Amino acid sequence: MGNKLKLKKKIIDAEGIRRALTRIAHEIIEKNKGVQDLVIIGIRTRGVPLARRLAARIEDIEGVEVSVGILDITLYRDDLSMVAEQPIVHKTEIPFDITGKQVILVDDVLYTGRTVRAALDALIDIGRPRVIQLAILVDRGHRELPIRADYVGKNLPTSQDEVVDVNLREIDELDNILLMTRK
């Protein structure tokens, strides 16, 4: 893998991420006609802080706390052997029943669609939601599966040689989205 990455362009700064999440929160509320039976589940790793931020925005807007869960999809990946010989499995933390709920599944980047497919398999093993909607911070195209996000912070057409690098303060100590290119 040893490909070095070089910064091509800064796409979004911290304020841009904040605005995108606020817009997505409003869209979620509008599309679901409120927040009744709504839960938000973030896909590890960067989907988790994004899910928490969305829940906080929705609470600010609606005055209602929305439950947030954490989904680990490691064992559901179809490329598990390519990820690592001994993949690290983290805990899925969904301390509420998702059956009959409106689930908002959250991740940072939508690319091939394989992560989302794995997440859908994992969710269905946990319960039977009434509906699952997908919220993505960056949609970069190049789908390999027929998966589309319901809520998108930024559509960013990319080439296969480019990498979208999402940095979130909870993990990376700063908020930004960078477009990187392989050297």
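Which residues does glycine 47 touch, not counting residues up to four places away in sequence? In this predicted model, the residues that meet this condition are Gly42, Val106, Asp107 and Asp108. Glycine 47 belongs to helix α2 and is buried, its relative accessibility being 0%. Its C-alpha atom stands 16 Å from that of isoleucine 28, a residue 19 positions away in sequence.

Aspartate 108, one of the residues touched by glycine 47, is part of strand β4. With a relative accessibility of 15%, aspartate 108 counts as buried, because the limit for that class is under 20%. When residues up to four places away in sequence are set aside, aspartate 108 touches Arg46, Gly47, Leu50, Ile136, Leu137, Val138 and Val166. A separation of 9.7 Å was computed between the C-alpha atoms of aspartate 108 and valine 152, which are 44 residues apart along the chain.

Helix α2 comprises 16 residues, and the distance from its first C-alpha to its last is 22 Å, close to the 22 Å expected at 1.5 Å a residue. Just beyond the helix, glycine 63 adopts a positive phi of about 75°. In the loop that connects β2 to α2 lies threonine 45, and the peptide bond between arginine 44 and threonine 45 is cis, with omega at about 10°.

Helix α1 has 18 residues and extends 26 Å between its first and last C-alpha atoms, close to the expected 26 Å at 1.5 Å a residue. Gly16, Ile17, Ala20, Leu21, Ile24, Ala25, Ile28 and Ile29 are its buried residues. Lysine 33, which follows α1, has a positive phi near 50°. In the loop between α1 and β2, aspartate 37 likewise has a positive phi, near 65°, although this residue is not a glycine. Aspartate 37 is partly exposed, its relative accessible area being 35%. A further non-glycine residue with positive phi is glutamate 173, at about 70°. Glutamate 173 is situated in the loop between α5 (169-172) and β8 and is exposed, with a relative accessible area of 72%.

In soluble globular proteins, nonpolar side chains tend to be buried together. The largest nonpolar core of the model contains 30 residues, of which Ile40, Leu54, Ile58 and Leu137 touch the most other members. At least two residues of this core come from each of α1 (14-31), β2, α2 (47-62), β4, β5, β7 (162-167) and β8 (176-182). The greatest contribution is that of α1, which gives 7 residues. Another core lies apart from this one and has 21 residues, including Leu71, Ile73, Ile98 and Val103. Within the largest core, isoleucine 40 is one of the residues that touch the most other members. Leaving aside neighbours within four places in sequence, isoleucine 40 is in contact with Ala51, Leu54, Ala55, Ile58, Val66, Ser67, Val68, Gly69, Ile104 and Val106.

Val116, Ala118, Ala119, Ala122 and Leu123 are the buried residues of α4. These residues lie on the same side of the helix, because they cover an arc of only 160° around the axis. They pack against four strands, namely β2 (38-43), β3 (67-71), β4 (102-110) and β5 (131-139).

Charged groups, by contrast, are found over tyrosine rings. Arginine 140 lies over the face of tyrosine 111, at 3.9 Å from the ring centre. The charged end of lysine 31 is placed over the ring of tyrosine 151, at 5.6 Å from its centre.

Technical notes:
Residues numbered from 1 in each chain as written. Predicted model: local features only at pLDDT ≥ 70, side-chain atom pairs only at ≥ 80, totals over all residues. Heavy atoms only, no water. Lys NZ or Arg CZ within 6 Å of the ring centre and 35° of its normal. Buried < 20%, exposed > 50% of the residue type's maximum accessible area, 1.4 Å probe, protein only. Arc of directions from axis to C-beta. Contact = heavy atoms within 4.5 Å. Core = buried A, V, L, I, M, F, W, Y, C linked by side-chain atoms within 4.5 Å. Expected span 1.5 Å × (residues − 1).
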